[in-house]
Amino acid sequence: MRSSGKLFLIDAGEGAAARIGQLDLNLAQVDPIFITHWHSDHFGGLAMGINESWFVVANSPINIYGPYGIYNTMEGIRKSFGPDILFRSSNRQGILDPILAVATPHLVNIAGEQTEIVQDIWHHGNTYVSVFAVHHEPVFPAFGYEIRFGPCKVIVTGDTHVFDTLESIERDADLLISEALSYE
């Protein structure tokens, strides 16, 4: 999503970096990334997105916002890409700063079963991102995001079951993005 001169993602499934390239967008401009939950189809491309943004010379680490588990996930990515980061930064004679090869994690913490917009977690210019809890049992916590820019309201539910307050969250949205899966 692009707003207020920023390019940001909600989730980074497998192939996210490739899709950004196919859209002729600059991967170095992606910041931040918001994760809805820790199922692989929602973060399987996160490591490559972080790593490839570094290749195209991002000027700061990507900020990653997500639920409990974010620190372990980011540490795992850092460790698994450690040799690659070392080799590429040492072979490119100072062009690739290894500090920029890892992301900065931000824990989004919503206590209990709250399912209303509970907090703004990021803003830039006239763009605000808020988070709400969704029901994606047995995954807990799992989030949806509300993005407001100017008069526009976009809701991304991530994976969720229908729950009582979802209608009030979605009300007046200009765009609703809700994932569905059919096993057939």
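Buried means under 20% relative accessible area, exposed means over 50%, and partly exposed lies in between (1.4 Å probe, protein chains only). Helices (H or I, at least four residues) and strands (E, at least two) are DSSP runs, numbered from the N terminus. With these terms, helix α3 is mostly covered: seven of its 10 residues are buried.

This is a predicted model, in which local features need pLDDT of at least 70, side-chain atom pairs count only at pLDDT 80 or more, and totals for chains, interfaces and linings use all residues. Residues are numbered from 1 along each chain as its sequence is written, and side-chain values use heavy atoms, with hydrogens and water left out.

Which residues of α3 are buried? They are Leu46, Ala47, Gly49, Ile50, Asn51, Ser53 and Trp54. Their cover includes α1 (16-22), β3 (30-34), α2 (40-43), β4 (63-66), α4 and α5. Contact here means heavy atoms within 4.5 Å.

Take asparagine 51, which sits in α3 (residues 46-55). Asparagine 51 is buried because its relative accessible area is 2%. Neighbours within four places in sequence aside, asparagine 51 is in contact with Phe81, Asp84 and Ile85. Its side chain also makes a polar contact with the side chain of aspartate 84, at 3.5 Å. A polar contact is a pair of N or O atoms within 3.5 Å; within protein, one must be able to donate a hydrogen and the other to accept it, and residues adjacent in sequence count only if both atoms are side-chain atoms.

Now look at the two helices as a pair. Two packed helices are described by the angle between their axes and the distance between the axes. The axes of α3 and α5 (residues 82-91) come within 12 Å and cross at roughly 5°. Axes are lines fitted to C-alpha atoms, for helices over the stretch in contact, and angles run from 0 to 180 degrees between N-to-C directions. Therefore α3 and α5 are roughly parallel to each other. Angles under 35 degrees count as roughly parallel, over 145 as roughly antiparallel, 65 to 115 as roughly perpendicular, and the rest as oblique. Asn51, Trp54 and Phe55 of α3 make the contact with Asp84, Ile85, Arg88 and Ser89 of α5. These contact residues divide into three nonpolar, two polar and two charged. Ala, Val, Leu, Ile, Met, Phe, Trp, Tyr, Cys and Pro count as nonpolar, Asp, Glu, Lys and Arg as charged, and the others, Gly among them, as polar.

Helix α4 (residues 70-80) holds arginine 78. Arginine 78 counts as partly exposed because its relative accessibility is 39%. A polar contact of 2.5 Å joins its side chain to that of glutamate 75.

## The five-stranded sheet

Strands of a sheet pair through backbone hydrogen bonds, either parallel or antiparallel. Two strands pair if DSSP finds at least two bridges between them. Here an open sheet of five strands has the order β6-β7-β8-β9-β10, with mixed pairing. Its edge strands are β6 (119-124) and β10, each pairing on one side only. Neighbouring strands of this sheet are turned by 20° against each other on average, direction ignored.

| Strand pair | Sense | Bridges |
|---|---|---|
| β6 and β7 (residues 127-133) | antiparallel | five bridges |
| β8 (residues 143-149) and β9 | antiparallel | five bridges |
| β9 and β10 (residues 175-177) | parallel | three bridges |

Individual bridge partners can be picked out. Tryptophan 122 has valine 129 in β7 as its partner. Tyrosine 145 is bridged to valine 156 in β9. Isoleucine 155 is bridged to leucine 176 in β10.

Strand β9 (residues 152-156) is mostly covered, with four of its five residues buried.

## Backbone details

Two peptide bonds are cis. One runs from aspartate 31 to proline 32, with omega near 10°; proline 32 lies in strand β3. Another joins glutamate 137 and proline 138, with omega about 15°; proline 138 is in the loop between β7 and β8.

Aspartate 24 has a phi of about 55° although it is not a glycine. Aspartate 24 is exposed, with a relative accessible area of 72%. Aspartate 172 has a phi near 70°, and it lies in the loop between α6 (166-170) and β10.
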